[in-house]
2 protein chains.
Amino acid sequence: MARSTNTRFAVAVHVLTYLAGSTGGRPVSSDELSESTNVNPVHVRRVLGPLREAGLVRSRPGVHGGWELAVEAGAVTLARIWRLLQGDDPMLGLHGPDPACAVGRRVHESLTALDRVVADAVATELEKVTVHDVLTGGVPTPRRPTRPSGGRAR
Amino acid sequence: MARSTNTRFAVAVHVLTYLAGSTGGRPVSSDELSESTNVNPVHVRRVLGPLREAGLVRSRPGVHGGWELAVEAGAVTLARIWRLLQGDDPMLGLHGPDPACAVGRRVHESLTALDRVVADAVATELEKVTVHDVLTGGVPTPRRPTRPSGGRAR
DNA sequence: CTAATTCGTCATCATCATGGTTACGGATTG
DNA sequence: CAATCCGTAACCATGATGATGACGAATTAG
């Protein structure tokens, strides 16, 4: 669904931007990162794990250890980060209709296909933005300034 | 966001497709709808509430009451359903960085703007599909047949 | 009028995803 | 050896999501 109460992507973007910016190449501890992101250090490490496996960051234990970028900030698209953290998780949120119902099967097939189309569209947008863009403020702005639509209570 | 364990959109699409299809104009009870969608009747009514307020469906109590479409299936885009149920909920999932951190503020602003861009992209895709398309199988298929990407354990 | 049906809605509960917290082992530095 | 910091597991707290049960109001059948 529309997810999201999942902040891993945001935390990852934040950390990479932080590493690309305010550090002079020195490694940064997950403690320091946790203060800026406002999540706890363990979670920072959990989020960064997949990014390290993908070669985007390095980590070292020990006294002057911590995290540092392993690639240039301009070479990391947000789409890459998204895929590493969200994988192929559905964007739209599917249900499990009665398999004996013809309409149910068709709807489910359609929504599954549509979910991939939507995920591709999202990836296309995220492909346009790099960590460097976030750092320098070069992020695209919505075409429609703010959704003027009639609201909906929640 | 990366949501989604939220099936309201899927249920709504299912129900509207069901109403557009296998019924000859007769009202359908939420009991019958709940069997096909495989969720409980109360949930069906809760999902359909906003759609009724928007004029997409009608409901009537009583012996031969139930739900029926109030508009043509070809006139209902999935984007409309999405907006009615998900509103402006974030797609990407934001975090709450330390407001005292300059990087944190910039990241948060960027992600907020980017979230709207992504939501627009999603809406654009959903705009191309109507309930009638789902009923007849005319739903677009992904350009990349299936994400071939190297997996990521979960 | 009375009974049956069906929606509308509330209150409550179970489950699950997400993160927070604590803990401890291993690696690195000084 | 002591201090620092990652890696990871275990456990817990919170919140979102639906399921379930209940009851009133509206509508129709008899």
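Author: In this predicted model, copies of a chain are superposed by least squares on the C-alpha atoms of residues with pLDDT of at least 70 in both. Treated in that way, chain B can be laid on chain A with an RMSD of 0.0 Å, by a turn of 180 degrees and a shift of 0.0 Å along the axis.

Reader: What makes the relation between chain B and chain A that of a two-fold axis?

Author: The turn is 180 degrees and the shift along the axis is 0.0 Å, and that is the relation of a two-fold axis. The same surface also serves both copies, since 100% of the contact residues of chain B recur in chain A.

Reader: How many residues of chain B are in contact with chain A, and what makes a pair count as a contact?

Author: Two residues are in contact if their C-beta atoms, placed from the backbone, lie within 7 Å, and by that test 66 residues of chain B are in contact with 67 residues of chain A. Elements of chain B that give two or more residues to this side are α1 (8-20), α2 (30-37), α4 (78-86) and α5 (102-127), and α5(B) gives the most, with 15 residues. By class, the side of chain B that touches chain A has 30 nonpolar, 21 polar and 15 charged residues.

Reader: Why is chain A called more spread out than a compact globule?

Author: For 154 residues the globule rule gives 15 Å, whereas the radius of gyration of chain A is 19 Å, well over that value, so chain A is more spread out than a compact globule. Its C-alpha trace spans about 60 × 35 × 30 Å along the principal axes. Chain A holds six helices and two strands, which run α-α-α-β-β-α-α-α from the N terminus on.

Reader: How do you know that Leu48(B) is buried?

Author: A residue is buried if 20 or more other C-beta atoms lie within 10 Å of its own; Leu48(B) has 22 other C-beta atoms within 10 Å, and therefore Leu48(B) is buried. Leu48(B) lies in helix α3 of chain B and, leaving aside its neighbours within four places in sequence, is in contact with Val15(B), Val57(B) and Trp67(B). In chain A, buried residues make up 44% of the 154 residues.

Reader: Which residues touch the most other members of the largest nonpolar core?

Author: That core has 87 residues, and those touching the most other members are Ala12(A), Val13(A), Ala12(B) and Val13(B). Beyond its neighbours within four places in sequence, Val13(A) is in contact with Leu78(A), Ile81(A), Val134(A), Val107(B) and Leu111(B).

Reader: Which residues are the closest to DNA strand C?

Author: The closest are Thr7(A), His43(A), Pro61(A), Gly62(A) and Pro61(B), among the 28 residues that surround DNA strand C. Here the largest share, four residues, comes from α3(B), and the surface near DNA strand C divides into nine nonpolar, 15 polar and four charged residues.

Notes:
Residues numbered from 1 in each chain as written. Chains lettered and ligands numbered in written order. Predicted model: local features only at pLDDT ≥ 70, side-chain atom pairs only at ≥ 80, totals over all residues. Nonpolar A, V, L, I, M, F, W, Y, C, P; charged D, E, K, R; others polar. Core = buried A, V, L, I, M, F, W, Y, C linked by C-beta atoms within 7 Å. Buried ≥ 20, exposed ≤ 12 C-beta atoms within 10 Å, placed from the backbone. Near = placed C-beta within 6 Å. Rg over C-alpha atoms; globule rule 2.2 N^0.38 Å.
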